[in-house]
Amino acid sequence: MASETQPHGGAAHDGSAHDGGAHEHGHFGPEMWVIPESAGLTSDIAEKQRSSSTLFTVVLYAGALLTVLGVIGFVLRLLDGFSDHRVWGFYVAAFAFVFTLTSSAPLAACAFRFTKSHWRRPLSRISELFALVSVVNILLFIPALIALPDILNPLGASNEALDIRRTIWFRVPGGSPEWWQFAGMVGLAVNSLGILWLAAMPDMAQSRSQMTGFRASLYRTLSGRWYGTKRQWQIQKAGLAILGAFYFMLLVFMQFLVVSDFAMSLIPGWKDSILPPFYTVISFQGGLAIILLMAYAMRRWGGYREIIGVAPFWAASKVLLGLTLLHTYHLFAFFITYWYGRLEVEQNILNYLMFDSYLGIFWAQLFFTFFIPFPILVSNHARRLGWGAPLAGIFIIIGLMLFHIRIFAAAFASSDSESLYYFFMLKPIPAATFPDLWDIFIILGAVGIVMLVFRLGMMLLPPISVWEMKEGAMYQRVDTLIRGRYLVLGKPE
Amino acid sequence: MVVDLDKCTGCQACVVACQAENNIPINTKDYFLQRRAYEWIRIERYWEGEYPNVKARFMPVLCQHCENAPCEPVCPVYATYHNEEGLNVQVYNRCVGTRYCINNCPYQVRMFNYWHPNWPHRMENQLNPDVTVRSRGITEKCTFCVQRIRRGEIQVEARAGQRLDDNRIAAGNYDPACVQACPTSALMFGDLNEPNTAIKPYFDDVNNYPGHHEHERETRGYRLLEEMNTRPSVIYLKKVDQYPLADKGAH
Amino acid sequence: MQEGKVLPAAQINRDLLRSILETPRWFWPVVTLLGLIVLVAAITIGVMINTGLGITGLNYKVVWGFFITNFVFWIGISHAGVMLSAILRLAKAEWRRPATRAAEVLTIFSLMTAMIMPIIHTGRPWRILYWAFPYDFARGVWPNIRTPLVWDPSAILTYLTSSTMFVAIALVPDFAVLRDRTTGWPHRIYTLLAMGWEGNPRQWKLQIIAGVLLSALILPVFVSVHSIVSWDFGMAVAIKSWHSTVFAPYFVVGAVHSGVSAVVFAMILLRWAYGWQEYIRHEHIDALGRLLIVVATGWFYFLVMEIVFGIYGLEGDELAVRALQFLPTESGVPYNIWMIVFVGITYFLPVILWLPRAWRRNLWIMSTACISVNVGMWLERYLLFVPGQANKQFLTFTWNDYLPQPAEAIIVGATFAFVSMLMLLFSRVFPLVPLYDIKEGDILKTEIKVGRRTVPATFRED
């Protein structure tokens, strides 16, 4: 532990706000976080990777256990077959939950690298490690695609006039939507793994000689030709920027496809142009929440206290606050447009998703994604202590789970009827569905598999981006301005 | 009001009657060229089929006096609102001319006075004294001839020598001009609070079988743009073609 | 290396107050010309009020035309101020500094211009004052708060008040500088405006706190203004293409897109007119250009969502509007051609121009891109509003088109002259580039040596 010097008095700090910063006279809030000296960083992190704390062992085993539960639930669900797609609603909700949260997590590293945020550096690798979950996403996606009802002709009539289920595909030929969506999902996985690989390459190259066993050969294979020449660095940086931009576009597009095909077009009469942007916003919100949660766990229980300062939480929680507000804003924009219009179909959809069938879940979601996290995130005190954002993150993640049940499970439950009128008006309004035991297993398994894969990823790759930390240490200096000592941050072009 | 499309011949008598009754400015050639000619009740004419195998379809469209009127909540000054009789009324003196109600009316029956209304001098004497002449810059629309309803009330009150209660005024005392003028009785008007008006069965039927029970209706009744959920007080009766066109085109 | 050198405070004062303490030779002729244009428009408005809205092209079907389009356009421009000042201030972006004041002032003037539009649009402006401005409570007839048209003036007036406060607070230190450099009655006025500013630490602290607080508080107002303006249209069920849930964020992002472009163009003009090359530098334009690429792409995404989900419903009445927007028509206005032009000049052309770094630093190319964005955003509103009214619902018998008339074009065109004139007059009396903000930026500016390289760096406050 470094010296504890808080010019504002220690009361507001948990004693670790300025780990590694031995700067006696600065006007330092948590914002003024100084990256620790980088000399022993590589070996230090390798050391930490090897010695796992109790909590992380528990996470590993709990993740494995939950995954097994999920597999059991999935197999038993499989016994029902795919002929009745309505039973797959909760499975799809679980898949979409994992997809939403983990697919946008790698983007955080790219986005904050693009904005040259200094505080992102300890969070970068954590966010990139979620790229590993993208493989899980592909696996989870296959049953969901099979369960997706045919996009045309829900009543099975031969007359083309009855092709009434709306779809964003407009009869695009050639295996839409399944194959296109699957290709998009694979593309996302390849792209995010590419980001992870490029970003981790310098770190792997540095520790490839010190590693033993499996990881040594892995590192050597993956970073064999990296010697850190200037040209290699330029290629790496440009590659990260391009891959990040491409990943962003592909991700937003995939979110648009998933939420339109698996939710909107299944609910009769639901024509809601804000849903894809809304889904993207909550995805960013959830992605940032899960990153902060993991970072906090690593900082608090994983022994990374000196490396992950409070500054990332302080700054990221402002971003999380912005995303939380945006989430509520989009929700309100949707609600007010439908509610004010008083069209029958829109009233029915509002009643189904918000005020009648899913009333309880809707309010619970609103509390978990807005009313509880908002005061936490607004409070400077909670943000300064570092636990504010992760605590809000927990609530947000629970709220997003409820959101996925409310939207995706509801969509699958409402997608069939004998009545033609129903396909235009969603009348009579269907009742809410409840999960059975297997559904609960599947949801738990979805949470478990993320924990498991992330934990394995932490063991496999350095969980802190060492090169970014070192780069950060180069671009910072503590200097005197007039009478105070301040942090100076360099922003290279 | 009930509009029987089967009986409508498209003769425009209702339009003329309305024009005269409600002091609507004369639609001159200029007004038509400016696309500002307006009628409170208009006969929409649609062609069905291809020449020579062709039929004209007529549909009188007037203010539907929706129970759930989209024009009402958007008026900032309550110039349009529901009165206790269920009429969608327009208060000319309040109107400031935002024209939001015109935009939010799916039936396009609200009209804006772009010019000051002018009549030839010798025609000014024929203006209906019961109806305001609207100045320019305000929105106006069909009132179901509210002045006739009021006059009917006054007459009945005068005859009975006492205040009117809801059930006193008999049908026929307050028919709007268009209803009165219709030669084929395609338009029917009545008070829904009265139990035995001629229009009541149609409303009961349409109200009993809304939306997803539409095909169970016993009469030919339907509402215009029913999916808008505006609940109009005008019901249309479908045309039943005795000699349908050989080649069914879109109508 | 840092771009631009750190100048002595005295020279900053001299340069940036040049617009106030000296009068360039072109100043009064230009202002007179702009004033004449505004005068012509004022006469046109007078004629319109006298004879009625009949002299516009509006008809019984299309009742919201050029004026409402222009209203939304200027409301959009007004979103630049908060975007640049408040958001970038909270994000501690250093390159915001020279742009803030011009953006905030543009906000105020464009809001004022925007508010003229719906008022004259009603045809009898005196009546609209009943509900937009302090209401005649004595009669007990309250405005209908259910209508977006009452939300509108509330939001806009709130925004106008808060941005005026925002500008005023930022101006106080600069007023003090002016107070010390003027004599006679200007001196007395600046003394009044400077409110006893001495530049002591307590005053600075209060000023900074007020600025940060207002930045945070103005953000919800900023978002709500254009959301509410979009709900003027989004709440209307009868016009199918308007009743879209995405309108609120779509309009806000579009507003930032056009607003920031307008600010960039205004800054280039100011730099050229007053010779502020040392202050409005290529790096600032460059950074704004990069910001604009992101904003434009976000806007384009919302545009695509709006169109895709318009067609997605496959509802006949909505498809009729979309057909008018996108398909060739036999007669009438070729909206589809305008649509192609609009998308081209609002997204593809400017983004291509913004992509290469060298082009972002070329002021001619930047100006072209920014003007093209604003022409495009004007068209966007027009193409969003008018076809929907022209092909309303299934009652095809009433479908009708709209051709704007000269009176409308004159008034709309003159709003640009009006805002330019106000900006020029403002620059005569108040500094359009904040003196203290530039000096603060210069103080915080430093460098870090990394190996052989020198990297521009800043001191981080707080």
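In which helix of chain A does A:Met469 lie? In this predicted model, A:Met469 belongs to helix H18 of chain A, which covers residues 466–474.

A:Met469 has 23 other C-beta atoms within 10 Å. A residue counts as buried when 20 or more such atoms lie within that distance, and A:Met469 is therefore buried. Other residues of H18(A) are buried as well, among them A:Val466, A:Trp467, A:Glu468 and A:Gly472. The cover over the buried residues of H18(A) includes helix H1 (41–50), helix H4 (121–129), H6 and strand S1 (476–481), which belong to chain A. A:Leu489 is 20 residues away from A:Met469 along the chain, and a distance of 13 Å separates their C-alpha atoms.

**Chain A as a whole**

Chain A contains 18 helices and two strands. Of its 493 residues, 51% are buried.

**Two helices of chain A**

Helix H6 (residues 178–207) and helix H8 (residues 230–262) of chain A have axes that come within 9 Å of each other and cross at roughly 150°. Angles over 145 degrees count as roughly antiparallel, and H6(A) and H8(A) are therefore described in this way. The crossing of H6(A) past H8(A) is left-handed.

**Where chain C meets chain A**

The interface brings 31 residues of chain C into contact with 34 residues of chain A. On the side of chain C that touches chain A, at least two residues each come from helix H10 (201–234), helix H11 (247–274), helix H12 (282–312), strand S1 (445–450) and strand S2 (453–460) of chain C. H12(C) gives the most, with seven residues.

The two chains also pair through strands. Strand S2 of chain A (residues 484–490) and S2(C) run in the antiparallel sense over four bridges. Within S2(C), C:Phe459 is the residue that stands opposite A:Val488.

**Residue classes in two contacts**

| Contact of H6(A) with H8(A) | 15 residues | nine residues | one residue |

Key:
Residues numbered from 1 in each chain as written. Chains lettered and ligands numbered in written order. Predicted model: local features only at pLDDT ≥ 70, side-chain atom pairs only at ≥ 80, totals over all residues. Contact = placed C-beta atoms within 7 Å. Pairing = 2+ DSSP bridges. Buried ≥ 20, exposed ≤ 12 C-beta atoms within 10 Å, placed from the backbone. Axes fitted to C-alpha atoms, helices over the stretch in contact; angles between N-to-C directions. Parallel < 35°, antiparallel > 145°, perpendicular 65-115°, else oblique. Left-handed = near helix turned anticlockwise from the far one by under 90°. Nonpolar A, V, L, I, M, F, W, Y, C, P; charged D, E, K, R; others polar.
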